[in-house]
Amino acid sequence: MSAEVIVVGGGLMGLATAYHLARAGRNVLLLEARGIGHHDGSSHGPSRIIRLTYQSEDYIALARASFALWRTLGEEAGEPLLVECGGFDFGPPDATHLAALGQAMTRAGVVHEAVDAAEIRRRYPQLTPPDDVVGFYQADYAMLPADRCIELLAAGARAAGAEVREHEPALSVDPSGGGVEVRTHIATYRADSAVLANGSWIGPFAAALGVPLPLTVLKEQLAYFEPADPAEFAPGRFPLFIHRFPGSRTFGSGFPLLGEPPGVKLLLDRLGPVVEPDDPDRTIEADILATLERYASAMVRGLTGRVLAATSCRYTLTPDEHFIIDTHPEHPQIVIASACSGHGFKFGIEIGRILAALALGQPPGSDLGRFGLERPSLTGAWHNDTGCR
(Lines give C-alpha, C1' and ligand atoms only; values in the text may rest on other atoms or scores of the structure.)
Protein backbone atom coordinates (compact mmCIF):
# COMPACT_ATOMS: atom_id res chain seq x y z
CA MET A 1 0.00 0.00 0.00
CA SER A 2 1.18 3.52 -0.72
CA ALA A 3 0.20 6.92 0.67
CA GLU A 4 1.37 10.48 0.38
CA VAL A 5 2.18 10.70 4.08
CA ILE A 6 2.47 8.09 6.82
CA VAL A 7 2.02 9.33 10.39
CA VAL A 8 3.54 7.16 13.11
CA GLY A 9 1.68 7.64 16.40
CA GLY A 10 -1.99 8.28 17.13
CA GLY A 11 -1.75 10.52 20.15
CA LEU A 12 -2.59 14.20 19.97
CA MET A 13 0.23 15.30 17.65
CA GLY A 14 -0.18 12.41 15.23
CA LEU A 15 -3.95 12.73 15.08
CA ALA A 16 -3.76 16.49 14.56
CA THR A 17 -1.29 15.95 11.71
CA ALA A 18 -3.52 13.36 10.05
CA TYR A 19 -6.54 15.62 10.57
CA HIS A 20 -4.93 18.55 8.76
CA LEU A 21 -3.51 16.39 5.97
CA ALA A 22 -6.78 14.62 5.30
CA ARG A 23 -8.75 17.86 5.31
CA ALA A 24 -6.30 19.19 2.74
CA GLY A 25 -7.25 16.28 0.49
CA ARG A 26 -4.04 14.30 1.04
CA ASN A 27 -3.77 10.52 1.14
CA VAL A 28 -2.65 9.85 4.71
CA LEU A 29 -2.12 6.66 6.69
CA LEU A 30 -1.82 6.81 10.48
CA LEU A 31 -0.33 3.88 12.41
CA GLU A 32 -1.12 3.64 16.12
CA ALA A 33 0.56 0.95 18.22
CA ARG A 34 -2.22 0.84 20.80
CA GLY A 35 -5.69 2.27 20.40
CA ILE A 36 -6.86 5.82 19.90
CA GLY A 37 -7.37 7.37 23.33
CA HIS A 38 -5.20 4.86 25.23
CA HIS A 39 -3.92 5.80 28.68
CA ASP A 40 -0.27 4.74 28.34
CA GLY A 41 1.07 8.05 27.01
CA SER A 42 0.56 11.78 27.43
CA SER A 43 -2.66 12.65 25.58
CA HIS A 44 -5.39 11.27 27.84
CA GLY A 45 -7.42 12.75 30.66
CA PRO A 46 -10.40 15.03 31.26
CA SER A 47 -8.62 18.40 31.12
CA ARG A 48 -5.60 20.40 29.98
CA ILE A 49 -4.66 24.07 30.33
CA ILE A 50 -4.47 26.40 27.36
CA ARG A 51 -2.97 29.82 28.01
CA LEU A 52 -1.24 32.83 26.51
CA THR A 53 1.10 33.32 29.47
CA TYR A 54 4.48 32.25 28.10
CA GLN A 55 7.97 33.61 28.49
CA SER A 56 8.62 34.22 24.78
CA GLU A 57 6.69 35.57 21.81
CA ASP A 58 7.10 32.44 19.66
CA TYR A 59 5.17 30.38 22.22
CA ILE A 60 2.54 33.11 22.51
CA ALA A 61 2.11 33.08 18.72
CA LEU A 62 1.68 29.29 18.78
CA ALA A 63 -0.86 29.62 21.58
CA ARG A 64 -2.89 32.25 19.73
CA ALA A 65 -3.02 30.05 16.62
CA SER A 66 -4.00 27.07 18.78
CA PHE A 67 -6.84 28.96 20.47
CA ALA A 68 -8.27 29.75 17.03
CA LEU A 69 -8.01 26.17 15.73
CA TRP A 70 -9.49 24.60 18.87
CA ARG A 71 -12.35 27.09 18.68
CA THR A 72 -12.98 26.14 15.05
CA LEU A 73 -12.88 22.41 15.80
CA GLY A 74 -15.47 22.91 18.53
CA GLU A 75 -17.70 25.02 16.31
CA GLU A 76 -17.61 22.38 13.58
CA ALA A 77 -18.53 19.70 16.13
CA GLY A 78 -21.31 21.83 17.58
CA GLU A 79 -19.77 21.88 21.04
CA PRO A 80 -17.46 24.44 22.64
CA LEU A 81 -14.05 22.97 23.45
CA LEU A 82 -12.59 26.01 25.20
CA VAL A 83 -13.85 26.18 28.78
CA GLU A 84 -12.96 29.72 29.81
CA CYS A 85 -11.87 30.16 33.42
CA GLY A 86 -9.26 32.88 33.69
CA GLY A 87 -6.05 32.01 35.44
CA PHE A 88 -2.95 32.98 37.38
CA ASP A 89 0.77 32.47 37.09
CA PHE A 90 2.35 33.22 40.44
CA GLY A 91 5.25 32.55 42.75
CA PRO A 92 7.96 34.34 44.71
CA PRO A 93 9.46 37.26 42.77
CA ASP A 94 12.47 35.15 41.73
CA ALA A 95 10.40 32.15 40.60
CA THR A 96 11.32 30.40 37.35
CA HIS A 97 10.33 32.45 34.27
CA LEU A 98 7.94 34.65 36.27
CA ALA A 99 9.45 38.01 35.33
CA ALA A 100 9.90 36.88 31.71
CA LEU A 101 6.19 36.06 31.48
CA GLY A 102 5.15 39.64 32.10
CA GLN A 103 7.78 41.01 29.74
CA ALA A 104 6.81 38.67 26.89
CA MET A 105 3.09 39.29 27.34
CA THR A 106 3.69 43.05 27.24
CA ARG A 107 5.75 42.79 24.05
CA ALA A 108 3.14 40.53 22.44
CA GLY A 109 0.17 42.69 23.44
CA VAL A 110 -1.40 40.11 25.77
CA VAL A 111 -3.64 41.90 28.25
CA HIS A 112 -2.77 40.90 31.82
CA GLU A 113 -2.87 42.20 35.38
CA ALA A 114 -0.16 42.17 38.01
CA VAL A 115 -1.38 40.67 41.31
CA ASP A 116 -0.02 39.80 44.73
CA ALA A 117 -1.07 37.20 47.28
CA ALA A 118 -3.63 39.45 48.94
CA GLU A 119 -5.31 40.23 45.62
CA ILE A 120 -5.41 36.54 44.64
CA ARG A 121 -7.05 35.68 47.97
CA ARG A 122 -9.50 38.58 47.61
CA ARG A 123 -10.66 37.46 44.16
CA TYR A 124 -10.70 33.76 44.94
CA PRO A 125 -10.96 32.97 48.67
CA GLN A 126 -10.51 29.28 47.85
CA LEU A 127 -6.83 30.01 47.06
CA THR A 128 -4.41 30.54 49.94
CA PRO A 129 -1.01 31.34 48.37
CA PRO A 130 1.95 32.30 50.58
CA ASP A 131 2.32 35.97 51.44
CA ASP A 132 5.44 36.44 49.26
CA VAL A 133 3.62 35.46 46.06
CA VAL A 134 3.33 37.86 43.13
CA GLY A 135 2.26 37.17 39.58
CA PHE A 136 -0.22 37.78 36.80
CA TYR A 137 -3.88 37.23 36.05
CA GLN A 138 -4.76 36.54 32.42
CA ALA A 139 -8.41 36.29 31.42
CA ASP A 140 -7.94 34.00 28.39
CA TYR A 141 -6.81 31.04 30.46
CA ALA A 142 -9.07 28.09 29.57
CA MET A 143 -9.40 24.34 29.82
CA LEU A 144 -9.57 21.80 27.00
CA PRO A 145 -11.45 18.51 27.50
CA ALA A 146 -8.50 16.39 26.44
CA ASP A 147 -10.22 13.06 25.80
CA ARG A 148 -12.93 14.76 23.75
CA CYS A 149 -10.33 16.67 21.73
CA ILE A 150 -8.70 13.35 20.82
CA GLU A 151 -12.06 11.86 19.82
CA LEU A 152 -12.94 14.82 17.59
CA LEU A 153 -9.55 14.89 15.85
CA ALA A 154 -9.74 11.15 15.16
CA ALA A 155 -13.30 11.43 13.88
CA GLY A 156 -12.42 14.44 11.74
CA ALA A 157 -9.40 12.75 10.23
CA ARG A 158 -11.38 9.63 9.38
CA ALA A 159 -14.31 11.62 7.98
CA ALA A 160 -11.90 13.47 5.69
CA GLY A 161 -10.48 10.22 4.34
CA ALA A 162 -7.51 9.37 6.56
CA GLU A 163 -6.88 5.68 7.12
CA VAL A 164 -6.31 5.11 10.82
CA ARG A 165 -4.89 1.71 11.72
CA GLU A 166 -5.04 0.94 15.43
CA HIS A 167 -3.02 -1.78 17.16
CA GLU A 168 -0.54 -1.79 14.30
CA PRO A 169 2.80 -0.52 15.60
CA ALA A 170 5.46 0.67 13.22
CA LEU A 171 8.55 -1.52 13.53
CA SER A 172 10.87 0.55 11.37
CA VAL A 173 10.89 3.76 9.35
CA ASP A 174 13.50 4.04 6.61
CA PRO A 175 14.27 6.48 3.82
CA SER A 176 13.79 4.89 0.42
CA GLY A 177 14.85 6.93 -2.58
CA GLY A 178 13.13 10.24 -2.12
CA GLY A 179 10.37 8.66 -0.03
CA VAL A 180 9.98 6.34 2.95
CA GLU A 181 9.20 2.73 3.83
CA VAL A 182 7.42 1.90 7.08
CA ARG A 183 7.28 -1.72 8.18
CA THR A 184 4.73 -3.23 10.58
CA HIS A 185 3.95 -6.83 11.48
CA ILE A 186 1.23 -6.74 8.82
CA ALA A 187 2.76 -5.00 5.83
CA THR A 188 5.41 -2.66 4.47
CA TYR A 189 3.99 0.71 3.47
CA ARG A 190 5.51 3.27 1.15
CA ALA A 191 4.92 7.00 1.09
CA ASP A 192 6.38 10.26 -0.10
CA SER A 193 7.05 11.33 3.49
CA ALA A 194 6.58 10.27 7.10
CA VAL A 195 5.93 12.06 10.38
CA LEU A 196 7.31 10.50 13.56
CA ALA A 197 4.96 11.62 16.32
CA ASN A 198 4.97 8.64 18.66
CA GLY A 199 5.73 10.49 21.87
CA SER A 200 7.73 8.63 24.51
CA TRP A 201 8.45 5.85 22.01
CA ILE A 202 10.21 8.01 19.41
CA GLY A 203 13.73 7.46 20.72
CA PRO A 204 14.59 4.14 19.02
CA PHE A 205 13.15 5.34 15.69
CA ALA A 206 15.19 8.55 15.74
CA ALA A 207 18.33 6.67 16.81
CA ALA A 208 17.90 4.17 13.97
CA LEU A 209 17.84 7.15 11.61
CA GLY A 210 21.13 8.45 13.02
CA VAL A 211 19.61 11.08 15.31
CA PRO A 212 19.79 9.82 18.91
CA LEU A 213 17.79 12.19 21.07
CA PRO A 214 18.62 13.00 24.72
CA LEU A 215 15.09 12.46 26.00
CA THR A 216 14.00 11.72 29.55
CA VAL A 217 10.67 10.00 30.24
CA LEU A 218 9.06 10.62 33.63
CA LYS A 219 6.14 8.82 35.25
CA GLU A 220 4.16 11.80 36.50
CA GLN A 221 1.04 11.72 38.62
CA LEU A 222 -1.83 13.92 39.65
CA ALA A 223 -4.87 13.69 41.89
CA TYR A 224 -8.48 14.82 42.03
CA PHE A 225 -9.58 16.21 45.40
CA GLU A 226 -13.15 16.22 46.67
CA PRO A 227 -14.62 19.71 47.14
CA ALA A 228 -16.86 20.38 50.12
CA ASP A 229 -19.07 22.53 47.87
CA PRO A 230 -18.67 21.69 44.16
CA ALA A 231 -20.28 24.98 43.13
CA GLU A 232 -17.29 26.86 44.57
CA PHE A 233 -14.95 25.06 42.17
CA ALA A 234 -16.90 25.33 38.93
CA PRO A 235 -15.31 27.16 35.97
CA GLY A 236 -15.84 30.86 36.56
CA ARG A 237 -15.90 30.38 40.33
CA PHE A 238 -12.41 28.88 40.61
CA PRO A 239 -9.47 29.77 38.35
CA LEU A 240 -6.74 27.81 36.71
CA PHE A 241 -3.34 28.45 38.24
CA ILE A 242 0.33 27.68 37.78
CA HIS A 243 2.52 28.05 40.85
CA ARG A 244 6.20 28.61 40.08
CA PHE A 245 9.16 28.15 42.43
CA PRO A 246 12.67 29.68 42.45
CA GLY A 247 15.34 27.68 40.63
CA SER A 248 13.02 24.73 40.09
CA ARG A 249 11.55 22.90 37.11
CA THR A 250 8.63 21.78 39.29
CA PHE A 251 5.34 23.64 38.96
CA GLY A 252 2.15 23.35 40.97
CA SER A 253 -1.09 23.50 39.00
CA GLY A 254 -4.79 23.59 39.82
CA PHE A 255 -7.94 23.16 37.72
CA PRO A 256 -11.66 23.81 38.22
CA LEU A 257 -14.07 20.91 37.97
CA LEU A 258 -14.45 19.41 34.49
CA GLY A 259 -15.75 15.95 33.67
CA GLU A 260 -15.03 12.85 35.69
CA PRO A 261 -13.89 12.28 38.37
CA PRO A 262 -15.77 15.26 39.92
CA GLY A 263 -12.75 16.58 41.78
CA VAL A 264 -10.39 19.54 41.79
CA LYS A 265 -7.35 18.49 39.73
CA LEU A 266 -4.02 19.32 41.35
CA LEU A 267 -0.48 18.33 40.47
CA LEU A 268 3.14 19.00 41.26
CA ASP A 269 4.94 18.01 38.11
CA ARG A 270 8.43 16.77 37.26
CA LEU A 271 8.62 14.85 40.55
CA GLY A 272 8.08 11.40 39.05
CA PRO A 273 10.72 8.72 38.55
CA VAL A 274 12.54 8.22 35.25
CA VAL A 275 11.06 5.24 33.40
CA GLU A 276 11.36 3.39 30.13
CA PRO A 277 8.59 4.21 27.64
CA ASP A 278 7.25 0.64 27.69
CA ASP A 279 7.32 0.31 31.47
CA PRO A 280 3.79 -0.90 32.31
CA ASP A 281 3.95 0.27 35.93
CA ARG A 282 1.30 2.89 36.62
CA THR A 283 1.44 2.46 40.40
CA ILE A 284 0.83 5.68 42.30
CA GLU A 285 3.92 6.72 44.25
CA ALA A 286 2.80 7.11 47.87
CA ASP A 287 5.44 9.70 48.76
CA ILE A 288 4.56 11.91 45.79
CA LEU A 289 0.84 11.65 46.59
CA ALA A 290 1.54 12.60 50.21
CA THR A 291 3.51 15.64 49.04
CA LEU A 292 0.61 16.63 46.79
CA GLU A 293 -1.89 16.20 49.63
CA ARG A 294 0.17 18.57 51.80
CA TYR A 295 0.33 21.04 48.93
CA ALA A 296 -3.44 20.86 48.43
CA SER A 297 -4.05 21.50 52.12
CA ALA A 298 -1.75 24.51 52.10
CA MET A 299 -2.91 26.07 48.82
CA VAL A 300 -6.65 25.44 48.49
CA ARG A 301 -9.40 26.08 51.02
CA GLY A 302 -12.68 24.16 50.73
CA LEU A 303 -11.45 20.63 50.00
CA THR A 304 -12.51 17.75 52.22
CA GLY A 305 -9.06 16.15 52.12
CA ARG A 306 -10.39 13.07 50.34
CA VAL A 307 -8.63 12.03 47.14
CA LEU A 308 -11.26 10.86 44.67
CA ALA A 309 -8.72 9.48 42.20
CA ALA A 310 -5.02 9.57 41.40
CA THR A 311 -3.55 8.75 38.03
CA SER A 312 -0.28 8.85 36.11
CA CYS A 313 0.86 9.98 32.69
CA ARG A 314 4.13 10.34 30.81
CA TYR A 315 6.27 13.45 30.43
CA THR A 316 8.88 13.19 27.66
CA LEU A 317 11.45 15.93 28.26
CA THR A 318 14.22 17.46 26.21
CA PRO A 319 17.10 18.99 28.20
CA ASP A 320 15.80 22.52 27.61
CA GLU A 321 12.12 21.46 27.78
CA HIS A 322 11.36 22.89 24.35
CA PHE A 323 9.68 20.78 21.67
CA ILE A 324 11.26 19.03 18.72
CA ILE A 325 9.63 20.07 15.42
CA ASP A 326 11.98 19.57 12.48
CA THR A 327 12.85 17.54 9.41
CA HIS A 328 15.63 14.98 9.46
CA PRO A 329 18.98 16.68 8.69
CA GLU A 330 19.74 14.30 5.79
CA HIS A 331 16.29 13.01 4.84
CA PRO A 332 13.87 15.95 4.80
CA GLN A 333 11.01 13.65 3.83
CA ILE A 334 11.06 12.42 7.46
CA VAL A 335 9.59 14.84 10.01
CA ILE A 336 10.42 14.40 13.69
CA ALA A 337 8.11 15.74 16.39
CA SER A 338 8.40 14.91 20.03
CA ALA A 339 9.16 15.79 23.59
CA CYS A 340 6.29 18.06 24.50
CA SER A 341 7.94 18.27 27.93
CA GLY A 342 4.71 18.45 29.89
CA HIS A 343 3.30 21.57 28.22
CA GLY A 344 2.41 20.55 24.67
CA PHE A 345 -1.27 19.59 24.62
CA LYS A 346 -2.57 23.14 24.22
CA PHE A 347 -0.49 23.55 21.06
CA GLY A 348 -1.30 20.15 19.54
CA ILE A 349 -3.80 21.23 16.91
CA GLU A 350 -1.45 23.96 15.62
CA ILE A 351 1.63 21.73 15.78
CA GLY A 352 -0.31 19.20 13.71
CA ARG A 353 -0.87 21.87 11.08
CA ILE A 354 2.85 22.67 11.09
CA LEU A 355 3.84 19.00 10.82
CA ALA A 356 1.45 18.52 7.92
CA ALA A 357 3.06 21.45 6.10
CA LEU A 358 6.59 20.10 6.73
CA ALA A 359 5.57 16.66 5.48
CA LEU A 360 4.36 18.25 2.25
CA GLY A 361 7.50 20.33 1.83
CA GLN A 362 5.61 23.55 2.47
CA PRO A 363 6.61 26.52 4.66
CA PRO A 364 5.46 25.94 8.24
CA GLY A 365 4.06 29.43 8.68
CA SER A 366 5.52 29.68 12.19
CA ASP A 367 8.85 30.47 13.80
CA LEU A 368 10.40 27.07 14.56
CA GLY A 369 13.91 28.22 15.41
CA ARG A 370 13.60 27.20 19.05
CA PHE A 371 12.46 23.69 18.14
CA GLY A 372 15.15 22.56 15.70
CA LEU A 373 17.11 19.32 15.93
CA GLU A 374 20.44 21.14 15.64
CA ARG A 375 20.09 23.35 18.70
CA PRO A 376 22.95 23.00 21.18
CA SER A 377 20.98 21.20 23.89
CA LEU A 378 20.28 18.31 21.50
CA THR A 379 23.24 18.05 19.17
CA GLY A 380 25.75 16.83 21.73
CA ALA A 381 24.03 13.47 21.59
CA TRP A 382 24.55 12.95 17.88
CA HIS A 383 27.02 15.29 16.19
CA ASN A 384 29.77 12.68 16.52
CA ASP A 385 27.51 9.78 15.61
CA THR A 386 28.58 8.32 12.27
CA GLY A 387 25.01 7.24 11.54
CA CYS A 388 24.09 10.86 10.93
CA ARG A 389 27.30 12.73 10.28
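Leu360 is in contact (heavy atoms within 4.5 Å) with Val5, Leu21 and Arg26, leaving aside its neighbours within four places in sequence. Leu360 lies in the loop between helix H8 (348–359) and helix H9 (376–379). Helices (H or I, at least four residues) and strands (E, at least two) are DSSP runs, numbered from the N terminus. The C-alpha atoms of Leu360 and Glu276, which are 84 residues apart along the chain, stand 32 Å from each other.

The model is predicted: local features need pLDDT of at least 70, side-chain atom pairs count only at pLDDT 80 or more, and totals for chains, interfaces and linings use all residues. Residues are numbered from 1 along each chain as its sequence is written, and side-chain values use heavy atoms, with hydrogens and water left out.

**Whole chain**

The protein chain has nine helices and 19 strands. Its C-alpha atoms fill a box of roughly 65 × 40 × 40 Å along the principal axes. The radius of gyration is 21 Å, which agrees with the value near 21 Å for a compact globule of 389 residues; it is taken over C-alpha atoms, and the globule rule is 2.2 Å times the number of residues to the power 0.38. Of the contacts with a separation of 6 or more, 73% are between residues 24 or more positions apart.

Buried residues make up 55% of the 389 residues. Buried means under 20% relative accessible area, exposed over 50%, and partly exposed in between (1.4 Å probe, protein chains only).

| Residue | Relative accessible area | Class |
|---|---|---|
| Leu360 | 25% | partly exposed |
| Cys85 | 7% | buried |
| Cys313 | 12% | buried |

The structure holds zero disulfides (a disulfide is a pair of cysteine sulfur atoms within 2.5 Å). For Cys85, the nearest cysteine sulfur is that of Cys149, 13 Å away.

**The open sheet**

Eight strands form an open sheet with mixed pairing, in the order E6-E7-E5-E14-E15-E16-E13-E17. Strand E6 (113–116) and strand E17 (303–317) stand at the edges with a single partner strand each, so one side of each has no neighbour in the sheet. Two strands pair if DSSP finds at least two bridges between them. Neighbouring strands of this sheet are turned by 20 degrees against each other on average, direction ignored. Within it, strand E14 (240–244) and strand E15 (251–255) run antiparallel and are joined by four bridges, and Ile242 stands opposite Ser253 in E15.

Helix H3 (residues 98–108) packs on the sheet, touching strand E5 (87–91), strand E7 (134–138) and E14, and its direction makes about 35 degrees with that of E7. Helix H7 (residues 286–299) also packs on the sheet, and its direction makes about 45 degrees with that of strand E13 (216–227). Axes are lines fitted to C-alpha atoms, for helices over the stretch in contact, and angles run from 0 to 180 degrees between N-to-C directions.

**A hairpin**

Strand E18 (324–327) and strand E19 (334–338) pair in the antiparallel sense over four bridges. Six residues form the hairpin that joins E18 to E19.

**Nonpolar cores**

A nonpolar core is a set of buried Ala, Val, Leu, Ile, Met, Phe, Trp, Tyr and Cys residues joined through side-chain atoms within 4.5 Å. The largest has 60 residues, of which Trp70, Leu153 and Ile325 touch the most other members. Helix H1 (residues 12–23) gives the largest share of this core, eight residues. Apart from it lies another core of 25 residues, including Ala117 and Leu303.
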